[in-house]
Amino acid sequence: MLTYEQARQKYELVVGLEVHAQMLTQSKAYSSDSTEYGSMPNTNISVITLAHPGTLPKFNKKVAEFAIKMGLACHCNISEYNVFDRKNYFYPDLPKGYQITQDKTPICRGGYVPVKTKNGVESQVRLNRIHMEEDAGKSMHLAEEIETLVDLNRAGVPLIEIVTEPDIREPEEAYAYLTEIRKLVRYLEICDGNMEEGSLRCDANISIRLHGETKYGRKVEVKNMNSIRNVQRAIEHEFMRQVELFENGLGDTLVSETRMFDATNGQTYSLRSKEALNDYRYFPEPDLQPFIITQDYLNSIKTAMPPLPNFLKEKFMNTYGLPEYDALVLTDTKEIALWFEELCSQTTNYKAASNWMMGSVKSYLNELNLPIAQFPLQPSQIAEIIGLIEQNKLSFSTASQKLFPALLDNPKTTATEMAKKLDLLQDSSDDLIMPLIAATLAKYPDKVQEYKNGKKGLLGLFVGEVMKGSKGKADPKKVNELVLAALEK
Amino acid sequence: MKIDKELLHKIAHLARLDFNEQDETKMIDSLNEILDWVEQLNEVDTTGVKALTHMSVEVNALREDIMLPPLPHEKGLLNAPRKDSDYFRVPKVIE
């Protein structure tokens, strides 16, 4: 049997991903009932959601706006003319007997997402399309029940489906792509990106072929991964499963099927379906009129686009001169990135600002598991601390160990006020230091003589005395210089 | 296009229709009649004519993203053949 590395050398992995993202709208895609997650079963419903006879859908224009935003973020072409289509199939979580989707006219076509894996490999994953559709309800097949329970709260919740070309060649690349997609939907505030709750879902189409082969192999669709890490695991496992079939001469038995991922053992298993035949009989949805995206409307969305992670990352590197690592950490969420931007508008010491964000601020947030929105301090307070350190009024260690915690307890105080209150500010004025130096030298006349005879190591003793006299508030560097000067006189 | 027995069974399955053998012949004839009738349209030259998907010329019939009170839970479940206090109940669809 081949090891994973040997298998990767012999066979090429080919993956395309389909991501479903639930849109953060108030109401559903084609009806006005709520989209709220976690409500009591069958309480977010309407006659349209339940497909009562004589009801007609009406399209929520926010869904188009969100889909266009995602399309613009992914460099897609936005379709001017849009119609909806019916995808017909019977399943109890879909009361109408069809899903309203976009088959012929996806709202976004083409486009790409630049990704970089943990190993530093960069690539561009091309998109085939992004289209709009509706979610189905939830069926529960409980072991102790002889019937299936159906909750239609989710039926009709708007989705966008983001479909890649079969461009992905590494499990790590799939991981990086999904991380990027989740970051984008969160920056755009169109989806909360929560994979555990299923508001972001990913299906992977996986096939293998010998390196150098140009034809694609038969693909298997894997579903049911509830984290980005599990998508990577599922791809790794499915790759090896297919390799083993090929290696054992059973490549022909590989069927195009849907398999489920089991997170507990990292394997995929076949979803035995009674429905052998998939024939969705798409046709244009006659109940919804076509809609046209005008250039004016498109421009209005373009101008309202928030800054995107890649833009901010480049800015942090090029304008603020930060290392790539800093720029990546600081753009992980939009909230952190914008907080940092605010901080950088109040100090020009960008590297110090970055260090404060990635050090003290982040560790405070991590410890209490808080979002930056609930951070007690303002960017101005951190900027002030940075300023005090720059002016040698404060050492970094005093600032981070004493001033910063004290400010967190009293967030209404300015940094300078608090530093004064705690008597932390360094005082290196000549008025303070010069008399202390004179007194020290007068106290040890013989040591001064020894120093002058060449015992230079005694300098530390004099500096220590002066520092003690200043109660630690003088700047040691400056005291050093002044004591030296006094001794050389 | 001609409807034969195989195609009829396929369509019937997709539509979840059940009928006896006597009706099969009737169904096949009737479906073929409809298709023949529609096929007359092939006689019209449609070169350069865009597919007509909607009968009205209206476009952009959109609604704002506003949430309205839902259908009350009890009313929603009222007509379901099988239900409990929370859920619609249907024959088990997965083993």
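Reply:

**The aromatic rings of chain A**

In this predicted model, one aromatic cluster is formed by A:W339, A:W356, A:Y364, A:F375, A:F396 and A:F404. Over all chains, the count of aromatic pairs comes to 19.

One of these pairs joins A:Y4 and A:F239 in an edge-to-face arrangement, with 6.0 Å from centre to centre and 80 degrees between the planes. A:Y4 belongs to helix α1 (residues 4-10) of chain A and A:F239 to helix α4 (residues 228-247) of chain A, so the contact ties together parts that are 235 residues apart in sequence. A:F239, with a relative accessible area of 0%, is buried.

A further edge-to-face pair consists of A:Y451 and A:F462, whose centres are 6.3 Å apart and whose planes make an angle of 75 degrees. Here A:Y451 lies in helix α14 (residues 445-452) of chain A and A:F462 in helix α15 (residues 459-469) of chain A, so this pair ties together parts that are eleven residues apart in sequence. Both A:Y451 and A:F462 are buried.

Aromatic rings also take part in contacts with charged side chains. A:R86 is placed over the face of A:Y98, 3.9 Å from the ring centre. Likewise, A:K87 lies over the face of A:Y280, at 4.3 Å from the centre of that ring.

Notes. Residues numbered from 1 in each chain as written. Chains lettered and ligands numbered in written order. Predicted model: local features only at pLDDT ≥ 70, side-chain atom pairs only at ≥ 80, totals over all residues. Heavy atoms only, no water. Phe/Tyr/Trp six-rings, centres within 6.5 Å; stacked < 30°, edge-to-face > 60°. Helix = DSSP H or I, 4+ residues; strand = E, 2+ residues; numbered from the N terminus. Buried < 20%, exposed > 50% of the residue type's maximum accessible area, 1.4 Å probe, protein only. Lys NZ or Arg CZ within 6 Å of the ring centre and 35° of its normal.
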